Structure formats: structure tokens, C-alpha cells
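Trainee: I would like to learn how to read pockets and helices in a protein model. Could you take me through one slowly?

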Amino acid sequence: MLRFGILSTAKIGGQAVVPAIQDAENCVVTAVASRDLSRAREMADRFSVPHAFGSYEEMLASDVIDAVYIPLPTSQHVEWTIKAAAAGKHVLCEKPISLKAEEVEQLIEARDRHGVLICEAFMITYAPVWLKVRELLAAGAIGPLRHVQGSFTYFNRDPDNMRNIPELGGGGLPDIGVYPTMATRFTTGREPLRVQATTTRDPQFGTDIYSSVKADFGDFEMTFYIATQLAARQLMTFHGPDGFIEVKSPFNADRYGAEEVELTDQKHGRSEIFRFPDSRQYKRQAEAFARAAKGDEAEVVTLESSLANQRFIDAIYRASDKDGWETV
């Protein structure tokens, strides 16, 4: 069993990741750390975790864990991932793992120097929904892919929320823009060549709150928009000459609709719906990470893939400041 330490008592850990690790077949949570020991003990007791630490450093120095899960604010991801790697711990870090491509290069260097596994927690890459989309595209179910269209929006004007605080790594592209980019790259195995984009920032917060993006992948085009101050919506569509694939609730499984993929033929004469109730993508993520950390065969999100995805996001920011194409 791979023994996880949870570095912080952040909401996403308690709601999704810790229960998934505890439910996994090959890993377990053995410690929780917080800068407030009482909060660490509270979370540890809630999940029957044996150890609680009043500092991150103390947990990293202990021998009761083999790996850490990091759900800290984005601005702290690189710092604590490197510290965990230096302590000889494998790292599963919330997305985005960094805010700049050069920071991912630092993580690759730390991974190789210390001989540990470092992965960005893109749970969608473990979800049956997205594995099915990749399978359908590879099988030529819609013919040659020509266009990908996506949207991911929500409404959040809370000034105390980290998503609206630049110093903590807030902004729409780091928070949700990384999903349509990763999903497209994951399912197609292709990388963007160049992008055009427009981005709007909130005058009060200073964070990016809306982006509209066009990306050239060579054989196909991708367009998507993301927003943090629009009504909640999620959808991804893959379009070819022989049909199209729609992914319902593509990123927050079952929250924006059913976990399903619909394949429709060219003339709308036939549709197939593939449903995945209770896909448990966080559990699948934990189990795949644990297998890889133990040296067994497992498909995980490599830092090289994270680097390519961050280069995509960096190019969107650059393209937003100019009129025309920006090379990725």
C-alpha cells in the first residue's frame, strides 16, 4: 500500500481526493498536515487517519508516508512539490501544478534528481468518459477529426476565493482553461501549433475572467471559451465528416449533467450513448498513481505532458496581448 500524506486541509482534499484514496485498493492516507495542528487532527479523525502534523515540514521529514497529495493554492504548488521531492516523497499535486512552463521544467529536474514520481492531478485523464472519447477517435468513429469545440464556465465573484486572488495563482485560465486543453491533447495525442486568443480581466481582482481561444493543431482546429463570471456550463464536442462526439458534464463528473458520451452519425439518423454512472475518477487516479510510484505499469499524467499543457496556456496569454497568431 502506498502511504499518502495530505499536505493541507484544503476543501478539495476533504471532499474528493482523501475519500478516493481511502477507497482505493493499493493506497491509503496515513497522515494529514496543516499549519494548524487542531485542523490537521480534525481532518485526520474524520477519515480515521493515524497521524496528524502541525507543519508541512514535519510530515515530509517523517517515515509514515511514501507520497504526498498537495491541494495548496496554486502559487505554492512548485515550492512544496520540490520540497516533497527533496524529502524523497512521490508527489500528486493539484492542477495547475504551476503557472509558467519554466516552472514545470524545474519540477522535471527535481523529479529526475531525487528519483521520485511527480504527477499533476488531472483526474479527467482517468475517467471512463475520456478514455471512451479517445477510443472512438482512434477507431475513426467520426472520420478524420476536423474541429473541437469546448466551453467551461462558472460564476464566482467572491473576493476571498483564491480563484479571484492573483497572488495565490487565481484566474480563469489556470483554474479551468487547463481542462479543455488537456482533454483535447489527451484524446487526440496531438499538440497545438499556434493560437489566437482574447482575454478579459476583472477590474477589481485583476484576474483573467474570460478567454476565447482558437488553436491550430494542423489537421484540425480547436475553439473554446472559459469564464469565471458567466452562468455555469460545460460541453466538449469533437466533429468530423462522418459524425460528432459530444461529452456531457466533461470536467465535473455528473455535476453539470450525466456522465455520458453521445456519438451521432453524419445525417443524425443514429446515435449511440455511452453512460458511465459513478466513474470514480479520483479513485482511479489514486490507484494509477500508486501503481506508477511502485514501478508498475500505469498510465499517468507525466510532467512532460504538464509542460506541454502549460506551454499551451502560456501561449494563450501571449496571444491575448496581440492581434494574430502566437506560436505555442
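Predicted model: local features only at pLDDT ≥ 70, side-chain atom pairs only at ≥ 80, totals over all residues.

Trainee: What is the volume of the largest pocket?

Mentor: Rolling a probe the size of a water molecule over the atoms shows where empty space is left. On a 1 Å grid over the protein atoms alone, a pocket is an open set of points where a 1.4 Å probe fits, with protein on both sides within 12 Å along at least five of seven lines, and lining residues have an atom within 4 Å of a point. A volume is the space filled by probe spheres set on the points, which are joined across faces, edges and corners. Here the largest pocket has a volume of about 1,100 Å³, and among its 38 lining residues I12, Q15, R163, D175 and R255 lie nearest its centre.

Trainee: Which element supplies the largest share of that lining?

Mentor: Helices (H or I, at least four residues) and strands (E, at least two) are DSSP runs, numbered from the N terminus. The largest share, 4 residues, comes from α1.

Trainee: Which residues of helix α5 are buried?

Mentor: An α-helix has 3.6 residues a turn, so residues three or four places apart point the same way. Buried means under 20% relative accessible area, with exposed over 50% and partly exposed in between (1.4 Å probe, protein chains only). In α5 the buried residues are A101, V104, L107, I108, A110 and R111. Seen down the axis of α5, they fall within an arc of 165°, so they line one face of the helix; the arc is that of the directions from the helix axis to the C-beta atoms. Their cover includes α4, β6 and α9, and just after α5 G115 takes a positive phi of about 65°.

Trainee: Is S62 buried or exposed?

Mentor: S62 lies in the loop between α3 and β4, and with a relative accessible area of 13% S62 is buried. Leaving aside neighbours within four places in sequence, S62 is in contact (heavy atoms within 4.5 Å) with F53 and K89. The C-alpha atoms of S62 and A87, 25 residues apart along the chain, are separated by 9.2 Å.

Note on methods. Residues numbered from 1 in each chain as written. Heavy atoms only, no water.
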